[in-house]
Amino acid sequence: MSLVAGGVAAPWYMRTTSAATTTSLVAKWGSVRLAPVGFEPTSVWGYDGGVPGPEVRVRQGDKVSRRFINQLSEPSTVHWHGVRLKNAMDGVPGLTQEPVLPGEEFLYDFSVRDAGTYWYHSHDRSWEQMARGLYGALIVEEQEGAPDVDFDEVLLIDDWRLTETAKIAEGFDNLHDWAHAGRIGNWVTVNGDGRWRKTVSRNSRLRLRLVNAANARIFALRAPGLEGWVVALDGMPLDAPEPLNGLVLAPAQRADLIVDVTAEDGAEAALVSQDGKSAYQIGTFSVDGEARRERLAAPAALPANPVAELGDLTSARRADLLMEGGAMGSMRGAMLGGRMMGIQEMARAGKIWAFNGMADMPSEPLMATDRGETVRIAMNNDTAWPHAMHLHGHHFRQVGSDGSLGPLRDTLLMDRGETAEIAFVADNPGRWLLHCHMLEHAAGGMMTWISVS
């Protein structure tokens, strides 16, 4: 059943300070040197043939206009992740638009209301298309109040499953991956480079825009030789900068850091990920010289984005979302294709996860709301695996058991056995996807949607 519907344009969608010239964004085969010298370049699918795709950088209030051209041999779409845009531009096949067939094109044209770090990626067979390289950065610069930094660096962090000859390993439909943690790679890159390095100076100040572009890997990051603050999560500024004391990034999550280089001249600073008892370096900052004798003063908070404040939570519309399935789970079956199936039959159909006893996209929404309502969704991860829950078209706050509110986010990492509640103002009309951004989990059944009228 197709749920495609055109977006409803609200007045703020039309307010722009300028209009970007329409340029093309072409999904096609490419060749990229992911592995070190000595290996052959890797064949990828990339926007304009590269990994990552071209950086789209605009000012807050501007218009993004890109003519997507599909030169692949299968359908594809582009999702503009984290952007509160009109529904028809969200890029979800079967929900907001029809797939763009090989040789066809689609014009993505929308205004960007919020400053911050966002990204774009394929949303058709994304578990394969993103693993082959179809993603890029969308950076929306502040109209005013941008921090004074020496470097503004975008770091798209990804892991790849490569063969011994640096080819992308096949087996994208591997049910073992789908039922467990997802497709975890064996080679980590930053901006498509497995040996990413930048030369900086002592006491220079950096804005690092981190994006987890991996299918399923969770990065637990440290930054030896760098000291500073987290200033934004998932594109949305924090009320006040928070000291950087390690950072966990689930798939699709982003973080903006303001850091100073504290490593000595001639030494190195690094971005390091902790994986259990082992750690590996994913990016290196070579220190050459001194930018200034002393560190700069602590930064001010970034300007807030115009996100509606939550209404009365006690009277908010509510929904429950039970997450079930996967390996070592207790689910014995779920509704699929209009009938109840046992877990073995589900697995043969390529479905191994469920929301509220329903595997795959339901025909009815999890909740239907009026525009402007404050809503709450209580989520229960009754599985043996973590899930990165992503809501399209909105940002939400996590509601603590004591009523406290977390920062604005669009993707929430939930550990095994964890419960969490999110709340947001449903002020963006249309049909919006809610799914796990461990991409194999979504493909295996973890997806639903909300309707805002």
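## Before you start

The model is predicted, so to speak of a local feature calls for pLDDT of at least 70, side-chain atom pairs count only at pLDDT 80 or more, and totals for chains, interfaces and linings use all residues. Residues are numbered from 1 along each chain as its sequence is written, and side-chain values use heavy atoms, with hydrogens and water left out.

## The overall build

Let's begin with the whole chain. Its secondary structure comes to four helices and 31 strands; these are DSSP runs numbered from the N terminus, with helices (H or I) of at least four residues and strands (E) of at least two. The radius of gyration is 21 Å, close to the 22 Å that the globule rule gives for 453 residues, so the chain is as compact as a globular protein of that length. Here the radius is taken over C-alpha atoms, and the rule is 2.2 Å times the number of residues to the power 0.38. The C-alpha trace spans about 70 × 55 × 45 Å along its principal axes.

Of the 453 residues, 57% count as buried, meaning under 20% relative accessible area, with exposed over 50% and partly exposed in between (1.4 Å probe, protein chains only). Among contacts (heavy atoms within 4.5 Å) with a separation of 6 or more, 76% join residues 24 or more positions apart.

In soluble globular proteins, nonpolar side chains tend to be buried together. A nonpolar core is a set of buried Ala, Val, Leu, Ile, Met, Phe, Trp, Tyr and Cys residues joined through side-chain atoms within 4.5 Å. The largest one here has 62 residues, and Trp80, Phe110, Ile377, Met379 and Met389 touch the most other members. Strand S29 (residues 419-426) gives the most to this core, with four residues.

Leaving aside residues up to four places away in sequence, Met379 touches Leu321, Met323, Met389, Leu412, Met414, Glu418, Thr419, Ala420 and Ile422. A second, separate core has 30 residues, including Ala223, Leu233, Leu247 and Val287.

## Open pockets

A pocket is an open set of points on a 1 Å grid over the protein atoms alone, with protein on both sides within 12 Å along at least five of seven lines; lining residues have an atom within 4 Å of a point. Points are joined across faces, edges and corners, and a volume is the space filled by probe spheres set on them. The largest pocket holds about 550 Å³. Of its 23 lining residues, Pro93, His123, Asp360, Met361 and Met447 lie nearest its centre. Helix H1 (126-129), strand S30 (430-436) and helix H4 (439-443) each give two or more residues to this lining, and H4 gives the largest share, three.

The second largest pocket holds about 340 Å³. It is lined by 24 residues, with Pro237, Leu238, Asp239, Arg397 and Leu408 nearest its centre. S15 gives the most to this lining, with six residues.

## Closed cavities

A cavity is a set of grid points where a 1.4 Å probe fits but cannot get out. Among the residues lining the largest cavity are Met130, Asp158, Trp160 and Arg183. The second largest cavity, at about 60 Å³, has a lining that includes Arg84, His394, His395 and Phe424.
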